[in-house]
Each structure stands twice: as C-alpha cells, then as structure tokens.
Amino acid sequence: MNKIEKITAATSVYERLRQDILHGDLRPGQKLLIDFVSERYGVGLNPVREALNRLSSEGLVERKDQRGFFVPSVSIEGWRELVKTRCWLEGKALEESIQNGDQAWEERIVVAFHHLSRTPWKLSEQDTSTNPAWEERHRAFHLALVAACGSSILIGICKDLMDQAQRYRFISVASSHRYRNTVEEHRGIMEAVLDRKTELAVERLVEHYQTTLRHIEDQIQPSSKIKFNPPLG
C-alpha cells in the first residue's frame, strides 16, 4: 500500500468509526481493539491506529495508558458539564458573530434554517434515531450562527462540542416520546439574531440547550450512568 492509499484508508476508517460512535452503534465504554476495528471496516492495522489516534485528539475516543482505546463513557454529570460549556462558548461566539456578521452571514443563517425546517427530525414515528439529514442540517444551522465570530479556534471547539452533544441526543431520541417543537425554537433564535438583539439571541440559544438538558435529565436518574445498549451493527 502506497502513501496515498494509506491516507485514504485511514480517512475512511476515521469517518466510519466516527459516525458509529456518534450514532451509538458502538457502546459507551466499549473497548476498541485494533484487530476488531480492522475486521469491522476491512482495513489494515496501521490505518486503524491513525484513525484511533485522530479521534482520540478530538475527544471521541478515549486512550488509556497500558489499556488501549475505548469509546468514551457517558453520564448525566458529563452531559450537564457539556451543556454548560456549550452555553458559555457558543453564547460568546454568537455575541461576536452578531457584532461582526454581514449580509452574507445573515443569508447563510436563513438558508440553513430553511433547510432544517423542511427536514423531518425522524423518518418515521417508529425510528429510534434521528434522521441523518436532520442531524447534518441541524449542525449546519448552529455552525452558521457562530460563523462570523472571528475565531477559527473557537469555531473548531464548538464543532467538537457539537459532536459530543450528538452522542447524547441519540439517547434522548431513542427513549423519547415527548413532543418538542424544535422548528420554532430555532426560528426564535434566528429571528433574534437577524434583528441584532444580542442578549435575546444568546438567551434563546441557552434556553434551547437547557431544554435538551432537562429533557434528558427527566429520563435518567441524576446520579447514575446513562445506560443504553444499541446493536453493534
């Protein structure tokens, strides 16, 4: 295998492993044996190591000394910390974006909201996971909100936090039967942003995240680890 082929293989297993972790197809706490990952995705050992190291740097894989790689565990305490951090950082990024954003930035938000609002959250009532297209467009909307903050580092951190949040949303969707009008939640954020009402926009963004936090807290004992056991695929 030449250098280009190795890079392609590593990128492929990285993307597939990343999606399986985000979607819950690999369980929190599960050990990611290199041979297991290699066989699962039909690639060599070196691309697997590269992919695991890359995901480890992004926080989507946990590397434990002398023990190997694991899917990070999840807990309600960790979820609360994640939401609090997102509120801090994305709130600040949104403030800066409202201050700096131009017409093109506004148009990007409007287009992202339009696509999100036209995409069903789940493909059917029987589904136990979100519609992949909705996940993609939901992410695009929230990234559009902070795109004009002026800091690529901050945007990168926000992206990583969005990935972490997606793992927890899988649990919420899988066990939830509660109706929630997320279209109107996102519309309210967008309208405050376009009106340049910074305080209101940040308030609505924070409430949007806090609603999801409460939604999951209602389903899980506060002191216990989140337990779910999706198929390994």
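Me: Which residues line the second largest pocket?

Reply: R18, Q19, L22, H23, P132, E135, E136, R139, D163 and Q166 line the second largest pocket. This is a predicted model, in which local features need pLDDT of at least 70, side-chain atom pairs count only at pLDDT 80 or more, and totals for chains, interfaces and linings use all residues. Residues are numbered from 1 along each chain as its sequence is written, and side-chain values use heavy atoms, with hydrogens and water left out.

Me: What makes these ten a lining, and what is the volume of the pocket?

Reply: Each has an atom within 4 Å of a point of the pocket (an open set of points on a 1 Å grid over the protein atoms alone, where a 1.4 Å probe fits, with protein on both sides within 12 Å along at least five of seven lines). The volume is about 190 Å³, counted as the space filled by probe spheres set on the points.

Me: Which helices supply at least two residues of that lining?

Reply: They are α1 (3-22), α6 (132-146) and α7 (152-175); a helix is a DSSP run of H or I with at least four residues, numbered from the N terminus. The largest share, four residues, comes from α6.

Me: How many lining residues are nonpolar, polar and charged?

Reply: Two are nonpolar, three polar and five charged. L22 and P132 are in the lining, and they count as nonpolar because Leu and Pro are on that list, while Asp, Glu and Arg count as charged.

Me: Why is Q164 called buried?

Reply: Q164 has 17% relative accessibility, and buried means under 20%, so Q164 qualifies. Q164 lies in helix α7. Not counting residues up to four places away in sequence, Q164 touches E58, G59, L60 and L82, where contact means heavy atoms within 4.5 Å.

Me: How many aromatic pairs are there, and why is the one of W79 and Y168 called stacked?

Reply: The count comes to three aromatic pairs. W79 and Y168 lie 4.9 Å centre to centre, with 25 degrees between the planes.

Me: Where in the chain do the two partners W79 and Y168 sit, and are they buried or exposed?

Reply: W79 is in helix α4 (residues 76-100) and Y168 in helix α7, 89 residues apart, so that the pair links distant parts of the chain. Both W79 and Y168 are buried.

Definitions and conventions
Buried < 20%, exposed > 50% of the residue type's maximum accessible area, 1.4 Å probe, protein only. Phe/Tyr/Trp six-rings, centres within 6.5 Å; stacked < 30°, edge-to-face > 60°.
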